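Dear colleague,

Please look through the coordinates before you read them.

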Amino acid sequence: MDVLIYLIPIALLMGLISLAAFLWALKNKQFEDLDGAASRILFDDEETTISKKEDN
Amino acid sequence: MSSKVCQHCGEPIPAHFKNDSFCCHGCAHAYKLLNEMGLGSYYEKRTFDDHIRPLIPEEAPKIDYSAYTEGEENIRALHFMVDGLHCAACVWVIEHILERQPGVTYARLNMTTRRLTVKWDQTKTTPEKFTQTVFELGYRLIPYNPEELKRKDTAEEKSLLICMAVAGFAAANVMLFSVSIWSGSDMGDATKTFMHWLSALIALPAIAFSGRPFFKAAKIALKQRRFTMEVPISLAIILAALLSVYQTIQGAAHAYYDSAIMLLFFLLIGRYLDKRMQTRALDSAENLLTLQASFATIKDKNGSKRIPIKSLKAGDILIVAKGEHIAADGVVTNGYSSTDNSMITGESLPQQVIQGTAVVGGCINLEGALEVRVTAVGDKTVLAELSRLVETSMQAKNKYVHIADKASRIYAPAVHLLALSTFLFWFFYPNTSGETAVIYAIAVLIVTCPCALALAVPSAQVAASSYLLKQGVILKSGSALERLKDIDTVVFDKTGTLTEGNFKLITDDANSEDLRIAASLAVCSSHPLAYSLVQAVNPQTKAAPNVKEIPGKGLQTTILNHTVKLGSRDFCGIAASEQTDHSELWLKTGEKEPVCFLFEGVLRAEATQAVQQFQEMGFDTILLSGDHSSAVKAVAQKVGIKTFFAHQKPQDKQGFLKHLQEQGRKTLMIGDGLNDTPSLATAHVGMTLASAADLTRVHADIILQNNHLLAAPLATKFASRVHHIIKMNFAFSIAYNSIAVPVAIAGYITPLLAALFMSTSSITVMLNSLRLAITKQGR
């Protein structure tokens, strides 16, 4: 049963980490625009980066 | 058919326009602009959304942005509502084109809410400059003040989500200990108590934190001496927690931490789903309202300026361009034209306006530019009058009692009574202590707690609304579906709802030469009859030379030294006679006998079928229209509606619906005009089309997104299915309770049993609701 001394804190810690991650995401407006986020990932293409470089 | 479409806006290119790629200079310019900026791939990525306004490049309006601007010294920020957003590529192109402007430091467009935030360096650019490019692409930016839109609802939704997350975390971890306790039959008492203390350590703070939405609501309810669902919920959670602490101190075998926190978690899910539905409905209504708060052009010393409609004053001279809405009631002081009043009155044909004619705000100016002296603003306009009629009926509608509230009114007292009788029974039962009686009573409170009951309605509604959204039906009010299942009478509007607003040429014996000439004149006009004539003859018709449009009368030109006229009866020199059943256009070539073309309104392709489906479901169908009786009669006969009324003013329509309601009928009103708005609000359920006016959409309960009428009977059928599922959900949770409660009263409930009952009933209910979301079409 001694193993509980490690396991319980580890389990709790993992839970707490995911809770903290969720709260962080919520606070950072990660859930504000779910439709946009889904499509945005498809649109970041090289074209943009090239012209940005030209600007500089 | 013209197969050429504009490369920028995707609209067909008019036949008389000598260009294969673009429909106008604006579109050509926009195309060039994007390619020059290296954003040409936009055209490959985008997809058009049919029910969103096409892209029409235009000049940015001259708006005074200073009232909306915020931010620090140099970096300023503005918030815009974006009109004309079709797809994700639109988001991409708007953000990129803004960020490439010198001086713009930040541009982020939220696709879900269609709201854009721009930050820029005041020393390098101005809002007028950077908005211009976006307008040149055909999108419109409407500034808004975020403070005005910020509601406590969004904050509440967020805090519910946080509560849910905390409760979920705590429930999972407490369950970890509970499962070990349940399965570890050889566990020593000391270990068990230690596990209980650990559970308490997690559960108690979590309950105190996540339970607040319920505790607060319960407190308010008790203060007002009402019994809501929150009272038994709060009581059960608090008592379960206290009992568990007591048991843990005593070193007893059972503690209910897991039940308490799991209960809270499930309840929060239900509460969150419910809130989300409401916020979504409100969001769409707000977007519409902000778009509506648009601008009008008025004359001033330096020519003209754009001001918000809100700040119009009586006496201002409005300049209304062709195709624009007239912003306020007034009298025409200059120009002649015709106005499309169908939104206000339901009349399908344009009305002629000349100097001195009174016009109503909300009408569309069809032909020449007009100057209108504003006579009434704000509360005094016809539009405001309509809004007032709407307000009063909305108040009546808000009194509707949701099925969930009805259930809780019976449920809450019943649960308390049950717990009390359990306590009394065991208290007076020989050989049991008062302590046992309290424990058993609390166990009753815990197992009866309405997890499944609280999930029954919101889970079904969320599943249903997501299914309906896919079918093009937007539910704007939370109780719309619930009310839709009650209806027994369907009232239709004619113009724009059953008919398309277009006309069909029904004269089939006309000389083809006459038709050709008439079409070559008609192609120069935007009058609906002229448009229909061109479509009927040949959409590629080339315009005759030097056609003059005489607004409100007709078109005129000279061909081979003959004056050719196309237009109204008296314009062609014919004495007015009896009104016919049909709309007509007359053609007079030189001294020849005038030729008459007859038209009739085009029914929506699916109108007859939709009416039939409603009749098959056993509903009464009624047609109410503001149009002339002959036109109304023709449509009614075609779609098979026996009861119809013509010449109905908005007040008449509303009165008619009120009368029906007084007879105990539950009405579904389907209409799209501003004149229908009061009746939509009065009806038990108001349904409108996406093409309807903003105000109408704001006050309807349901919007048919694709203007597809068959979605109306579909939604109605679906509503009774949803109701069936909700009733089933209630039946499930009552069935579970009827097993669990006797066990609890008898004192045999253990934490394991309580957890099993609670989770199985909640999960059954949720799975049952999910069936709605995966409904196949046609069921």
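**Surface and interface of chain A**

Chain A exposes about 4500 Å², and carbon and sulfur atoms supply 66% of this area (Shrake-Rupley method, 1.4 Å probe, with only the protein chains shown counting as cover for residues). This is a predicted model, in which local features need pLDDT of at least 70 and side-chain atom pairs count only at pLDDT 80 or more, while totals for chains, interfaces and linings use all residues. Residues are numbered from 1 along each chain as its sequence is written, chains are lettered from A and ligands numbered from 1 in the order in which they are written, and side-chain values use heavy atoms, leaving out hydrogens and water.

Chain A has three helices and zero strands (DSSP runs numbered from the N terminus, H or I of at least four residues for helices and E of at least two for strands). Of its 56 residues, 23% are buried, that is, under 20% relative accessible area with a 1.4 Å probe, protein chains only.

Turning to the interface, 23 residues of chain A are in contact with 30 residues of chain B (heavy atoms within 4.5 Å). In chain A, A:Leu26, A:Arg40 and A:Phe43 lose the most area to chain B, together 25% of what that side buries (accessible area, 1.4 Å probe, lost on putting two parts together, summed over both). Across this interface the rule finds zero salt bridges, defined as a side-chain nitrogen of Lys or Arg within 4 Å of a carboxyl oxygen of Asp or Glu. Helix 1 of chain A gives the most to the side that touches chain B, with 10 residues.

With best regards

Key:
Buried means under 20% relative accessible area, exposed over 50%, partly exposed in between (1.4 Å probe, protein chains only).
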